[in-house]
Amino acid sequence: MTQTKIAITRQVSRAIIRCELTHLDRQPIDLDLARRQHHHYETVLAALGCQVIQLPEEPELPDSVFVEDAAIVLDEVAIITRPGADSRKPETYSIARALVPYRTLVTIEASGTVDGGDVLTVGKDIYVGLSTRSNQQAVEQMAKALNPYGYRVQALHVNDCLHLKSAVTEIAEDTLLINPTWIDRSLFSGYRLIEIDPSEPYAANVVRIGGAIVYPIDYPRTQVKIEAAGVTVHNVNVSELIKAEGAVTCCSLIFNAHNQGRK
Ligand code: CIR
């Protein structure tokens, strides 16, 4: 039986210009263009087989388009995060409501903080970046909640980037795309590694759906390497969301629709 894949997204907030920024300078963001680009991103997800559920705009929450940071959805359970930036903590309420039909929910409690962008799941291995947003207390809560399902949860240090998944994502089975200046590549010695082109430091973030990836148009040199590895690339232009320090994984929560394994 083929599983329905759900992609939860959220309309770009009219407040996006007040987004959190850590490593980038503030630039003007064209809201209409951001929304058109985001809509195109959603159509690419739909073309790749996802049923897209777009949540309504949160006019008061500047970063709320970046739904990935509010939850980690696994086959058996979903973790509702406690985002590291205070302005982002209220984003989780509506995400939790949207996930109730699909999964048992576990909530990260204070003083734990974690952004979904710091969580890379590869099979039963869950790597959590210790960034400015995510801390050891959250890692311990995640391990307690997920070990019973057979997941191994491990904390890793990241350098100079917002999230772990700014530095490394999975582009194919056991194959990771990595920026070795932001994360130590020896931590992933068990995987096939493809390095980004050094002139494209933000190029390691991809959304993988089956044998294809959704990928920004901005990283042509790294894209050549990805295609040489046999991965099909579907390009999107997310220039306005990149100005908000977003990327492609952060704009969706993608998971199988089943709700088996609920306790
Ligand atoms: C933030 O700083 O929280 C947002 N401006 C960008 C979040 C991007 N999220 C992600 O890559 N997972």
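1. Helices (H or I, at least four residues) and strands (E, at least two) are DSSP runs, numbered from the N terminus. By this assignment threonine 169 belongs to strand S9. The structure is a predicted model, in which local features need pLDDT of at least 70 and side-chain atom pairs count only at pLDDT 80 or more, while totals for chains, interfaces and linings use all residues. Residues are numbered from 1 along each chain as its sequence is written, and side-chain values use heavy atoms, with hydrogens and water left out.

2. Threonine 169 and valine 206 lie 37 residues apart in sequence, yet their C-alpha atoms are 6.3 Å apart in space.

3. The ligand has 14 residues around it, and Glu20, Asp63, Glu68, Arg133 and Ala244 come nearest; a residue is near a molecule or strand if one of its heavy atoms lies within 4 Å of it. By class, this shell holds 4 nonpolar, 3 polar and 7 charged residues. Here Ala, Val, Leu, Ile, Met, Phe, Trp, Tyr, Cys and Pro count as nonpolar, Asp, Glu, Lys and Arg as charged, and the others, Gly among them, as polar.

4. A polar backbone atom of glutamate 20 is 2.7 Å from a nitrogen atom of the ligand. The side chain of glutamate 68 places an N or O atom 2.7 Å from a ligand nitrogen atom, and for a polar side-chain atom of aspartate 69 the distance to a nitrogen atom of the ligand is 2.8 Å. The ligand taken alone exposes 340 Å², of which the protein buries 97%; accessible areas come from the Shrake-Rupley method with a 1.4 Å probe, and for residues only the protein chains shown count as cover.

5. Where does the ligand sit? Its place is the second largest pocket. A molecule sits in a cavity or pocket if more than half of its atoms lie within 2 Å of its grid points. On a 1 Å grid over the protein atoms alone, a cavity is a set of points where a 1.4 Å probe fits but cannot get out, and a pocket is an open set with protein on both sides within 12 Å along at least five of seven lines; lining residues have an atom within 4 Å of a point.

6. Most residues other than glycine have a negative phi, and most peptide bonds are trans. Alanine 110 and serine 111 are joined by a cis peptide bond, with omega about 5 degrees; serine 111 is in the loop between strand S5 (105-107) and strand S6 (119-122).

7. Two aspartates have positive phi values. Aspartate 160, not a glycine, has phi of about 60 degrees and is found in the loop between strand S8 (152-157) and helix H4 (164-167). Aspartate 160 is exposed, at 59% relative accessible area. For aspartate 174, phi is near 55 degrees; this residue is in the loop between strand S9 (168-172) and strand S10 (175-178) and is partly exposed, at 41%.

8. Is serine 134 buried or exposed? With a relative accessible area of 4%, serine 134 is buried, although it lies in a loop, between strand S7 (125-130) and helix H3 (136-146). Arginine 14, in the loop between strand S1 (5-10) and helix H1 (31-47), is exposed at 52%.

Technical notes:
Polar contact = N/O pair within 3.5 Å; in protein donor to acceptor, adjacent residues only side chain to side chain. Buried < 20%, exposed > 50% of the residue type's maximum accessible area, 1.4 Å probe, protein only.
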